[in-house]
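These are my notebook entries on a structure that I opened today. I record what I looked up, entry by entry.

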Number of protein chains: 2
Amino acid sequence: MNYQKPMDIEKKSFEIITKELGDVELNPMEEPIIKRVIHTTADFDYLDNLYFSPGAVEQALETLKEGCVIVTDTQMARSGINKAALQKSESEAICFMSDEDVAEEAKARGITRAAVSMERAASIGKPLIFAAGNAPTALLTLCRLIEEGKVSPKLIIGVPVGFVNVVESKEAVIRSDVPCIVARGRKGGSNVAAAIVNALLYMAFPRE
Amino acid sequence: MNYQKPMDIEKKSFEIITKELGDVELNPMEEPIIKRVIHTTADFDYLDNLYFSPGAVEQALETLKEGCVIVTDTQMARSGINKAALQKSESEAICFMSDEDVAEEAKARGITRAAVSMERAASIGKPLIFAAGNAPTALLTLCRLIEEGKVSPKLIIGVPVGFVNVVESKEAVIRSDVPCIVARGRKGGSNVAAAIVNALLYMAFPRE
């Protein structure tokens with residue numbers, strides 16, 4: 001097997017995905033995101049699962065071009081965000097989940113670390129994009145903070161995976177009227193959250 | 001929605017998975033791994049995809065109990081490994097992918113960073129478990145190093161995801177006769193690699 005450059009392999013992978021999608025007509029603003037999630041998971045279910053609120057992608061691109069803080073609910077999602085692309089956008093990706101004082105506060109209040117993390121993020125005085133691939137409580141906390149007028153995210157990427165409270169938390173985000181990209185149903189994950197952030201970064205700052 | 005402890009949610013999730021699996025009979029050594037991968041992906045395809053070489057799980061548990069180095073092909077997979085469980089096993093998880101000199105060497109030789117990373121790992125003088133969720137070239141390089149007698153992994157977790165060279169690289173691992181756990185087909189990912197490592201750690205060092 002000959003050596004192939006990573007970008008060539010990525011290009012070929014997207015060609016295969018496009019071919020296998022066949023005649024499906026995709027919204028051009030959503031297409032690169034849907035295809036990147038399929039590229040990350042090899043799971044064509046995301047063709048049907050991904051929900052985009054009207055104008056969400058446009059607002060996300062604008063936010064990334066102006067620079068923002070991307071808040072994740074796992075270190076894994078943060079790790080998966082392309083560093084070079086992030087640098088171009090002068091944005092930063094942060095995650096409070098491993099902070100010791102977050103763990104202490106969560107324990108003291110009997111809530112999850114993800115919930116405490118979202119509260120902390122809400123007080124950052126910068127434009128915010130949230131990317132949750134793990135914790136339903138991250139999304140439910142965000143919905144509460146939005147209702148209370150305590151945070152106004154530019155975008156919520158709501159893609160936790162799992163079997164308990166997951167579907168409900170994602171539907172709550174869709175109902176919240178905040179710009180969102182959501183993987184409806186049980187599927188998602190930190191890898192999917194990172195893939196969506198990367199797709200948006202590559203749209204805002206095209207690679208050669 | 002009331003607050004539920006993360007461990008309670010995990011327990012309930014596994015109950016749902018068990019219920020939905022129905023009457024399927026699983027090998028008791030493989031069952032916790034298959035269920036954890038389904039838990040991580042909400043994708044029941046892994047019931048059929050996961051291949052275990054004979055005795056692979058037993059040898060992995062022994063290796064983890066004695067302490068080893070777990071080498072990943074992405075920072076994302078490394079991030080996803082449970083820190084507390086890792087500490088109990090006195091093992092460490094490492095990833096060379098972001099090292100600048102790895103990038104330089106890869107560029108100079110016209111090979112992937114993943115290939116260089118595997119070569120570096122091969123020279124670590126400790127028992128090794130490899131967990132690759134991304135790069136087919138990581139697996140192909142390992143197969144070559146094994147053939148050349150330069151490395152003798154205790155286990156290869158071969159679960160790259162994708163459309164180009166992925167299936168072939170995973171089948172090459174299965175043919176190599178090294179103890180392995182492989183996600184056959186296109187599916188896999190850094191999240192799956194981390195989930196398999198965590199399942200093994202929880203088997204070797206049961207949580208309360």
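Predicted model: local features only at pLDDT ≥ 70, side-chain atom pairs only at ≥ 80, totals over all residues.

The entries below cover the contact between the chains, a cavity and the salt bridges.

**Entry 1: extent of the contact.** I looked up how many residues each chain brings to the contact. Chain A contributes 35 residues and chain B contributes 35 residues. I then turned to the area. The size of an interface is often given as the accessible area lost when the parts come together. Between chain B and chain A, about 2900 Å² is buried, and carbon and sulfur atoms give 69% of this area.

**Entry 2: polar and charged pairs across the contact.** I found a count of four salt bridges between chain B and chain A. I also looked up one pair by name: Asp43(A) and Lys187(B) form a salt bridge through their side chains, at 3.9 Å from N to O. For polar contacts between chain B and chain A, the count is four residue pairs, with both residues at pLDDT 80 or more.

**Entry 3: the side of chain B that touches chain A.** I asked which helices of chain B each supply at least two residues to this side. They are H1 (6–21), H2 (31–41), H5 (75–80) and H11 (190–204). H1(B) gives the most, with six residues. Sorted by class, this side of chain B holds 15 nonpolar, 14 polar and six charged residues.

**Entry 4: the cavity.** I searched the whole structure and noted one cavity of 30 Å³ or more. The largest cavity holds about 110 Å³ of space. Its lining consists of 15 residues, and those nearest the centre are Thr41(A), Asp43(A), Tyr46(A), Thr41(B) and Asp43(B). Helices H2 (31–41) and H11 (190–204) of chain A, and H11 of chain B, are the elements that give two or more residues to this lining. By class, the lining has seven polar, four nonpolar and four charged residues.

**Entry 5: salt bridges overall.** Over all chains, I recorded 32 salt bridges. One that I looked up joins Glu92(A) to Lys126(A), with the closest N and O atoms 3.8 Å apart. Glu92(A) belongs to strand S3 (residues 92–94) of chain A, whereas Lys126(A) sits in the loop between helix H8 (113–122) and strand S4 (128–132) of chain A, so this pair ties together parts 34 residues apart in sequence.

Key:
Residues numbered from 1 in each chain as written. Chains lettered and ligands numbered in written order. Heavy atoms only, no water. Contact = heavy atoms within 4.5 Å. Buried area = accessible area lost by both parts, 1.4 Å probe. Polar contact = N/O pair within 3.5 Å; in protein donor to acceptor, adjacent residues only side chain to side chain. Helix = DSSP H or I, 4+ residues; strand = E, 2+ residues; numbered from the N terminus. Nonpolar A, V, L, I, M, F, W, Y, C, P; charged D, E, K, R; others polar. 1 Å grid on protein atoms, 1.4 Å probe; cavity = no way out; pocket = protein on both sides within 12 Å on 5 of 7 lines; lining within 4 Å. Points joined across faces, edges and corners; volume = space filled by probe spheres on them.
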